[in-house]
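Please work through the structure shown below.

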Amino acid sequence: MQIGAQKAVTIGYTLKDDEGNVLDSSDGGDPLTYLHGAGDIVPGLEKALDGKQVGDAISVSLSPEEGYGRRDERHIRNVPLRKLPAGKVQVGMQYQITTEAGPMLALVTAVRGDYATIDANHPLAGMRLHFDVKIVEVRDATKEELEHGHVHGAGHQH
Ligand SMILES: [Zn+2]
């Protein structure tokens with residue numbers, strides 16, 4: 001069965017940066033199952049997997065635009081500490097914030113006086129991504145999965 005729209009696809013993958021450092025990998029854990037065509041994975045990887053089948057292995061290098069997008073300076077702001085949840089605010093903490101684009105995860109990158117600098121860019125935004133992927137399984141997505149826009153089963157509970 002070939003990978004295409006409305007297929008549930010299981011892949012083993014390793015993601016590296018330009019220097020060859022491993023950023024993420026399914027090795028030693030569960031492979032990733034996603035719904036093809038639903039934007040569950042970065043666009044460049046979804047495109048590279050289109051038409052592939054079980055047993056195929058691919059290596060792709062993606063520009064930031066094909067990955068998690070460019071870093072956007074508008075997603076970095078200074079907020080008064082009183083607007084963040086109570087408790088000591090420290091660099092490295094993450095908060096769920098609400099923006100015009102919906103909820104985003106923001107990382108505290110600095111704390112000065114009564115203000116914290118928070119960065120809501122994806123940690124991998126602005127980076128070139130190098131993926132090594134092996135296709136493990138391809139099946140038809142269920143009606144319910146298509147309605148939800150994601151796969152069910154391993155790793156996903158309602
Ligand atoms: Zn669901």
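**Charge, confidence and overall build**

Q: How many positive and negative side chains does the protein have, and how far apart do the centres of the two sets lie?
A: The protein has 16 positive and 23 negative side chains, and the two centres lie 6 Å apart. Lys and Arg count as positive, Asp and Glu as negative, while His and the chain ends are not counted. Each charge is placed at NZ of Lys, CZ of Arg, CG of Asp or CD of Glu.

Q: What kind of model is this, and on what terms are its features reported?
A: This is a predicted model, in which local features need pLDDT of at least 70 and side-chain atom pairs count only at pLDDT 80 or more, whereas totals for chains, interfaces and linings use all residues. Residues are numbered from 1 along each chain as its sequence is written, and side-chain values use heavy atoms, with hydrogens and water left out.

Q: What is the average pLDDT of the protein, and which elements have the lowest and the highest mean?
A: The average is 92, and 97% of the residues score at least 70; pLDDT is the predictor's confidence in each residue, from 0 to 100.

Q: Why is D72 called buried?
A: Buried means under 20% relative accessible area, exposed over 50%, and partly exposed in between, with a 1.4 Å probe and protein chains only. D72 has a relative accessible area of 17%, and therefore counts as buried. D72 is found in the loop between β4 (57-62) and β5 (76-80).

Q: What makes N121 buried, and where is N121 found?
A: The relative accessible area of N121 is 8%, so N121 is buried. N121 is found in the loop between β8 (115-119) and β9 (129-140).

Q: Which backbone nitrogen does the side chain of N121 reach, and at what distance?
A: The side chain of N121 reaches the backbone nitrogen of D72 at 2.8 Å. A polar contact is a pair of N or O atoms within 3.5 Å; within protein, one must be able to donate a hydrogen and the other to accept it, and residues adjacent in sequence count only if both atoms are side-chain atoms. D72 in turn has a polar side-chain atom 2.8 Å from the backbone nitrogen of R74.

Q: Which residues is N121 in contact with, leaving aside its neighbours within four places in sequence?
A: N121 is in contact with R70, R71, D72, H75 and I76, where contact means heavy atoms within 4.5 Å.

Q: Why is S59 called exposed?
A: S59 has a relative accessible area of 59%, and is therefore exposed. S59 lies in strand β4 and touches F131 and D132, not counting residues up to four places away in sequence.

Q: What joins the side chains of S59 and D132?
A: A polar contact of 2.6 Å joins them.

Q: Why is D140 called partly exposed?
A: D140, in strand β9, has a relative accessible area of 46%, so D140 counts as partly exposed. The side chain of D140 makes a polar contact of 2.6 Å with the side chain of K7. Apart from neighbours within four places in sequence, D140 is in contact with M1, Q6, K7 and A8.

Q: What is the phi of Q6, and why is Q6 called partly exposed?
A: Q6 has a positive phi of about 70° although Q6 is not a glycine. The relative accessible area of Q6 is 49%, so Q6 is partly exposed. Q6 lies in the segment before β1 (7-16).

Q: How do you know that V89 is buried, and which residues does V89 touch?
A: V89 has 10% relative accessibility, and therefore counts as buried. Not counting residues up to four places away in sequence, V89 touches L81, L84, Y95, V108, V111 and A116. V89 is in the loop between β5 and β6.

Technical notes
Helices (H or I, at least four residues) and strands (E, at least two) are DSSP runs, numbered from the N terminus.
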